[in-house]
Amino acid sequence: MMQELSLECFSNDVVRLDLTPPSQASPISLSIDEEESSESKIRRLISEHPVIIFSRSSCCMSHVMKRLLTTIGVVPTVIELDDHEVSSLPLALEEEFPGGVLPSPAVFIGRECVGGFESLVALHLSGHLVPKLVEVGALWV
């Protein structure tokens, strides 16, 4: 049986993912398996997108991360989560963050969690960000 997953597209290329049941979903939707848990949805999104940012709704640091990546030439997928949806992230990512403390926003490059804003900037300043983006196919040079 299938249900509708709500996606809202904003003018700044941000996608808002609504993990609530279809009765509360918004008009733009994507069909998914209703048996899929929030944790499975998060894992699937990470596996489907070479660069993905998960953040709380209206997080300014998410915008800065996106700007850094777009300046380099990568258009990341940005998923904005409500507070109750953010709580699903540590469950989905236990092996990456055994303590359950996940940075918000969190960026994933090639299915690997890079971390938060500071980690992304450190990766960029060390000269390792562009090669990593090329390696996962998110950037062509």
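These questions and answers cover a predicted model, its confidence, its fold and a few of its residues.

Residues are numbered from 1 along each chain as its sequence is written, and side-chain values use heavy atoms, with hydrogens and water left out. Local features need pLDDT of at least 70, side-chain atom pairs count only at pLDDT 80 or more, and totals for chains, interfaces and linings use all residues.

Q: What is the mean pLDDT of the chain?
A: pLDDT is the predictor's confidence in each residue, from 0 to 100. In this chain, 62% of residues reach 70 or more. The mean is 75.

Q: Where in the chain is confidence lowest, and where is it highest?
A: Strand β3 (residues 29-33) has the lowest confidence, at a mean of 43. Over residues 21-32 the pLDDT is below 50, yet this stretch has 28 contacts in the model beyond near neighbours in sequence; a contact means heavy atoms within 4.5 Å. The highest value, 96, belongs to helix α6 (residues 129-135).

Q: Which pattern does the chain follow along the sequence?
A: Helices (H or I, at least four residues) and strands (E, at least two) are DSSP runs, numbered from the N terminus. The chain has 6 helices and 7 strands. Their order is β-β-β-α-β-α-β-α-α-β-β-α-α.

Q: What share of the contacts with a separation of 6 or more comes from residues 24 or more positions apart?
A: The chain has 141 residues, and 43% of them count as buried. Buried means under 20% relative accessible area, exposed over 50%, partly exposed in between (1.4 Å probe, protein chains only). For the contacts in question, the share is 60%.

Q: Which arc holds the buried residues of α2?
A: In α2, Ser62, Met65, Lys66, Leu68 and Leu69 are buried. Seen down the axis, they line one face of the helix, because their directions fall within a limited arc. That arc is taken from the directions from the helix axis to the C-beta atoms. Its value is 160°.

Q: Which residues are exposed on the other side of α2?
A: An α-helix has 3.6 residues a turn, so residues three or four places apart point the same way. The buried residues of α2 are covered by elements including β4, β5 (77-81) and α6. Exposed on the other side are Cys60, Arg67 and Thr71.

Q: Which residue's side chain makes a polar contact with the side chain of Ser55?
A: Ser55 lies in strand β4 (residues 51-56). At 1% relative accessibility, Ser55 counts as buried. A polar contact is a pair of N or O atoms within 3.5 Å; within protein, one must be able to donate a hydrogen and the other to accept it, and residues adjacent in sequence count only if both atoms are side-chain atoms. At 3.5 Å, the partner is Ser62.

Q: What type of aromatic pair do Phe54 and Phe108 form?
A: Rings of Phe, Tyr and Trp (its six-membered ring) pair if their centres lie within 6.5 Å; planes under 30 degrees apart count as stacked, over 60 as edge-to-face and the rest as tilted. Here the centres are 5.9 Å apart, with 90° between the planes. The pair links strand β4 to strand β6, 54 residues apart.

Q: How far apart in space are Gly73 and Val141?
A: Gly73 lies in the loop between α2 and β5 and takes a positive phi of about 120°. At 47% relative accessibility, Gly73 counts as partly exposed. Gly73 and Val141 are 68 residues apart in sequence. C-alpha to C-alpha, the distance is 9.7 Å.
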